[in-house]
Amino acid sequence: MSAIDRPMPPLNAGERTTLESWLDFHRTTLAMKCEGLDDEQAAEVSVPPSDFTLTGLVQHMAEVERNWFRRVFAGEQAPPIYDPQADPDAPDGGFDVAEGATLSDALATWQAEIARARENCAEHALTDTGRFMEQDVNLRWIYVHMIEEYARHNGHADLVRECIDGTTGV
């Protein structure tokens with residue numbers, strides 16, 4: 001049983017509440033996938049030939065949160081977290097785990113980016129826009145994309161976690 005509370009998104013709510021609840025559901029799911037692992041386990045490459053790890057995934061999702069909610073939506077000049085020299089528009093940022101990196105540090109950074117994302121969106125309508133690929137992109141689209149991004153990567157995390165210690169079904 002998990003110590004992390006993951007509420008079911010409401011079944012009959014408005015559009016914004018529905019989108020934010022599903023995004024938070026998937027954010028919480030990723031945290032649950034990492035729960036109880038030590039740094040060595042979370043950095044374990046467990047599905048060769050891929051070098052995908054849970055620590056790398058958490059780092060990646062911190063980069064994704066930063067990209068969509070800070071760079072794209074809020075227009076901030078926020079450099080990449082894990083490789084400041086990297087192209088901020090690179091889609092695979094954060095997956096590489098540096099020597100000495102810890103899961104707890106990755107989780108803390110990711111949670112800080114989530115908090116910043118919530119702050120950046122709190123006073124905005126779903127129709128408010130940022131800029132992506134020289135076009136306007138509204139907050140609604142960003143929320144839907146983020147739900148998709150987390151759902152896809154949580155599927156990857158399922159497989160990795162099962163290979164690490166047999167845990168399934170979170």
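The legends below describe close-up views of a predicted model. Residues are numbered from 1 along each chain as its sequence is written, and side-chain values use heavy atoms, with hydrogens and water left out. Local features need pLDDT of at least 70 and side-chain atom pairs count only at pLDDT 80 or more, while totals for chains, interfaces and linings use all residues.

**View 1. The largest nonpolar core has 36 residues.** A nonpolar core is a set of buried (under 20% relative accessible area, with a 1.4 Å probe and protein chains only) Ala, Val, Leu, Ile, Met, Phe, Trp, Tyr and Cys residues joined through side-chain atoms within 4.5 Å. F69 and W110 have the most contacts inside this core, a contact being heavy atoms within 4.5 Å. At least two core residues come from each of α1, α3, α4 and α5, helices being DSSP runs of H or I with at least four residues, numbered from the N terminus.

**View 2. W110 touches residues that include R27, V58 and Y150.** Also among them are L30, A31, M61, A62 and E65, where residues up to four places away in sequence are not counted.

**View 3. D24 and R118 meet in a salt bridge, 2.6 Å from N to O.** D24 lies in helix α1 and R118 in helix α4, so the pair ties together parts that are 94 residues apart in sequence. A salt bridge is a side-chain nitrogen of Lys or Arg within 4 Å of a carboxyl oxygen of Asp or Glu.

**View 4. R70 forms a salt bridge with E76.** Their closest N and O atoms are 2.8 Å apart, and R70 is buried, at 11% relative accessible area. A network of salt bridges links R66, R70, E76, E113 and R116.

Note on methods:
Buried < 20%, exposed > 50% of the residue type's maximum accessible area, 1.4 Å probe, protein only.
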